[in-house]
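Let us walk through this structure one piece at a time. Keep the 3D view open as you read.

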Protein chains: 2
Amino acid sequence: VVSAGRIIKLVLEYDGGAYAGWQRQKGIITIQEVIETALKTMLDEPITIHGSGRTDAGVHATGQVAHFVTGTTYEADVFQNALNALLPPDIVVKEASEAAAGFHARYSVQSKRYHYLIWNRFFRPALMRDRAWHVRVPLDLEAMADALKSIEGTHDFSAFQSSGSCAKSPIRTILQQSLSRDVNGMVCVTLTADGFLRHMVRNIVGTLVQVGRHSKTPSDFSDVLIGKNRSRAGPKAPPQGLYLVEVEYGQQSD
Amino acid sequence: VVSAGRIIKLVLEYDGGAYAGWQRQKGIITIQEVIETALKTMLDEPITIHGSGRTDAGVHATGQVAHFVTGTTYEADVFQNALNALLPPDIVVKEASEAAAGFHARYSVQSKRYHYLIWNRFFRPALMRDRAWHVRVPLDLEAMADALKSIEGTHDFSAFQSSGSCAKSPIRTILQQSLSRDVNGMVCVTLTADGFLRHMVRNIVGTLVQVGRHSKTPSDFSDVLIGKNRSRAGPKAPPQGLYLVEVEYGQQSD
């Protein structure tokens, strides 16, 4: 596809708390719409931005990527400065750059990485109240790490896909997984994959927490994956613990 | 002083963003007042709580300590659970315990530790927008570390004290200082002292940032301290980067 204009690539951080997710929708405020409105103010022409994918209502990003096409000749850093002046305090452009022809924030994705934060202490979080899932029962991280091993590699992730997905195939490849707990009791689940199905990280984490609290074994977790049956998985983890932290792009298909 | 009742000690975390600081004041909402109101609801008797010290409007805590005296016979963890159910989401009781006779959250303090967070990147913070000071110019951490060394030990801190202080003496002892930068560009200044004067951490950090951006040398910083002249120090750093992280107590004076 040859576009009439330059392709500007944005790396974005946002607090998803106030938004009905990434994707533009009538009658509710979304991140895509807020950025498009700022671009319209700046450029005085309607612009459509394309994200690497949707994030759900309440989900955060420290490394969402989006692009748009423009006929204007501003340097890329002018877009960063102007947008950061126009955008609300909970959305920021971390980087703006001109991408090579053929780049598409969604179709050129090579891999994406998510973090999921779990506040694993008896008392609820105050400072992190909209930034993590509070799980009061002490989690068995060893059991959770065992379970996570079973999703490494290429699998049919139907068991961890919410309905309403429009993915053509439920096959995805988990390139990397890790689990850690910091001195404050914050547990971080990291997942990198070539792509994710609808609610896949939150469904995995919800089931993983069942393992951590011993209501499922690591082997049950693996059986859920193999069984490809959503109804055997745990409840979906809430959105406020989820962060899209990085989107990587490979060779550009131009 | 012998009190008629048990002394309950609370360790508190709070997001100071919505409050006019710790200390009860007529006509504005403070953290002390919100906790006292919750205790009144729980115990059906008016309670006064004593904090380890005030925190200013917008300043956070992950380890503020307070105590109150009660004639009730609840176990300490009942206070934690009941208060956490009654308090708003931005204030939480991390620990509740019964203290020995003679304990006083303010008068028994041995040392206090503060963190000050500086978001040292070109673009403003989105997720941390109310949790750190944004300093856009890259800071010279080596120069700042040099400067910080000069405040170690016992000094007259008049140069870093804001007017309106009711401290009897401007002499304080810095027991520990450190400076670090994480992978996200967040700089953390840590100061532990036997006590702090009014706005002392924020005045130190404000001057320290002048060193970090080369508008003062480490030796100028040391001269400000020695000169005891507030007007030679830098502007006060804003409140949202400051966290009271720990209060330590020594042998109890009973």
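**From a helix residue to the helix pairs**

At 34% relative accessibility, D223(B) counts as partly exposed, because that value falls between the 20% and 50% cut-offs. Keep in mind that this is a predicted model. D223(B) sits in helix α5 of chain B. Now find A159(B). D223(B) and A159(B) are 64 residues apart in sequence. In space, their C-alpha atoms are 9.7 Å apart.

Next, look at the loop between α4 (200–212) and α5 (218–227) of chain B, where H214(B) has its place. What is the relative accessibility of H214(B), and is it buried or exposed? The value is 58%, so H214(B) counts as exposed. Its backbone deserves a look too. H214(B) is not a glycine, yet it has a positive phi of about 65 degrees.

K228(A) is not a glycine either, and its phi is positive, at about 55 degrees. You will find K228(A) in the loop between α5 (218–227) and β10 (242–249) of chain A. With 48% relative accessibility, K228(A) counts as partly exposed.

Stay in chain A and turn to α4(A). This helix has 13 residues. From its first C-alpha to its last, α4(A) reaches 18 Å, close to the 18 Å expected at 1.5 Å a residue. How many of the residues of α4(A) are buried? The count is 13 of 13, and α4(A) is described as mostly covered. Just after this helix comes H214(A), which takes a positive phi of about 65 degrees.

What does α4(A) pack against? One partner is helix α3 (residues 141–149) of chain A. Two packed helices are described by the angle between their axes and the distance between the axes. Here the angle is about 135 degrees, and the axes of α3(A) and α4(A) are 8 Å apart. That angle makes α3(A) oblique to α4(A). The crossing of α3(A) and α4(A) is right-handed. On the α3(A) side, the residues that meet α4(A) are A143(A), M144(A), A147(A) and L148(A). On the α4(A) side, they are L208(A), V211(A) and G212(A). By class, this contact has 6 nonpolar residues, 1 polar and no charged.

Now compare a helix pair in chain B. Start with helix α1 (residues 31–43) of chain B, which has 13 residues. Its first and last C-alpha atoms are 18 Å apart, close to the 18 Å expected at 1.5 Å a residue. Which residues of α1(B) are buried? They are I31(B), Q32(B), V34(B), I35(B), E36(B), A38(B), L39(B), M42(B) and L43(B). What covers them includes β1 (6–14), β3 (60–70), α2 (76–86) and β4 (91–99) of chain B. Just beyond the helix, D44(B) takes a positive phi of about 55 degrees.

The contact of α1(B) with α2(B) has 10 nonpolar residues, 1 polar and no charged.

Go to strand β4 (residues 91–99) of chain A and find K94(A). Its relative accessible area is 17%, so K94(A) is buried.

Then move to R131(B), in the loop between β5 (109–119) and β6 (133–134) of chain B. Is R131(B) buried or exposed? R131(B) is buried, with a relative accessible area of 8%.

Note on methods:
Residues numbered from 1 in each chain as written. Chains lettered and ligands numbered in written order. Predicted model: local features only at pLDDT ≥ 70, side-chain atom pairs only at ≥ 80, totals over all residues. Heavy atoms only, no water. Helix = DSSP H or I, 4+ residues; strand = E, 2+ residues; numbered from the N terminus. Expected span 1.5 Å × (residues − 1). Buried < 20%, exposed > 50% of the residue type's maximum accessible area, 1.4 Å probe, protein only. Contact = heavy atoms within 4.5 Å. Nonpolar A, V, L, I, M, F, W, Y, C, P; charged D, E, K, R; others polar. Axes fitted to C-alpha atoms, helices over the stretch in contact; angles between N-to-C directions. Parallel < 35°, antiparallel > 145°, perpendicular 65-115°, else oblique. Left-handed = near helix turned anticlockwise from the far one by under 90°.
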